[in-house]
Amino acid sequence: MSDASPDLKHLQQQIPLCLSRDRYRLSRQVQTISERQKRQQPVDQDLQKLGNAIERSRAAVQARKDSLPLLEYPDLPVSQRRDDIVAAIRQHQVVIIAGETGSGKTTQIPKMCIEAGLGVTGFIGHTQPRRLAARSVAQRIADELKSPLGQQVGYKIRFQDQLGEHSLIKLMTDGILLAEIPNDRFLNQYDCIIIDEAHERSLNIDFLLG
């Protein structure tokens, strides 16, 4: 795309600053406009539409940044390894965390993901094997963030979707995440995904890990 116009190049450079769910669609629009330019077809309206779409997406990212909560950690075993975990999340694409039951992994790791810079351009997805657990964990994390359920933290289970426009953390059953893949093949709406209770080795969890 070296022969693209300066305007198109400028817009293309802004795509990484957009919501993760929008980037693929916006990149395809850049490619389409570039091909039209090569054929010397008019692209002014296309550039305007692309610019507006990028501006809306970047505004949504800024709104999510503005809504980032103040993070506080209770005195739990996992909190004592907070710096190590946050550093590992920043440095590695896949992180495996093991700890005793009750050490605080389920409620504290999503907050550490926020501290690591995730959740701004997409959801921090967090799966639970059961619907009741998805609801109760969402409520617990929301309480710790001093946020009403459905705002910074929400959940999605069968027949219930309690998510807000600027929700950072999305609790769900592993079945819900699996069901989203046909319409979101690369799970572009997520900044990161936490597969909780992975040791249970259900068929859903094995598929998601794969």
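The accessible surface of the protein, a predicted model, comes to about 12,400 Å². Carbon and sulfur atoms contribute 48% of this area. Areas were computed by the Shrake-Rupley method with a 1.4 Å probe, and for residues only the protein chains shown count as cover. Local features need pLDDT of at least 70 and side-chain atom pairs count only at pLDDT 80 or more, whereas totals for chains, interfaces and linings use all residues. Residues are numbered from 1 along each chain as its sequence is written, and side-chain values use heavy atoms, with hydrogens and water left out.

Of the 210 residues in the protein, 43% are buried. Buried means under 20% relative accessible area, exposed over 50%, and partly exposed in between (1.4 Å probe, protein chains only). The C-alpha trace spans about 65 × 35 × 30 Å along its principal axes. The protein has 8 helices and 5 strands. Their order from the N terminus is α-α-α-α-α-β-α-β-β-β-α-β-α. Helices (H or I, at least four residues) and strands (E, at least two) are DSSP runs, numbered from the N terminus.

Contacts were defined by heavy atoms within 4.5 Å. Among contacts between residues at least 6 apart in sequence, 64% join residues at least 24 apart. Leu171 lies in strand β4 (residues 169-173). Its relative accessible area is 0%, so Leu171 is buried. Beyond residues up to four places away in sequence, Leu171 touches His126, Gln128, Ala134, Val137, Ala138, Ile141, Val153, Gly154, Tyr155 and Lys156. Leu47 is 124 residues from Leu171 in sequence, and the two C-alpha atoms are 37 Å apart.

A search of the whole structure finds 1 aromatic pair. The ring centres of Phe123 and Tyr190 are 6.0 Å apart and the planes meet at 50°, so the pair is tilted. The pair links distant parts of the chain, with Phe123 in strand β1 (residues 123-128) and Tyr190 in strand β5 (residues 190-195), 67 residues apart. Rings of Phe, Tyr and Trp (its six-membered ring) pair if their centres lie within 6.5 Å; planes under 30 degrees apart count as stacked, over 60 as edge-to-face and the rest as tilted. Phe123 counts as buried because its relative accessibility is 12%. Tyr190, at 7%, also counts as buried.

The charged end of Lys111 sits over the ring of Tyr73, 5.2 Å from its centre. This assignment requires NZ of Lys or CZ of Arg within 6 Å of the ring centre and within 35 degrees of the ring normal.
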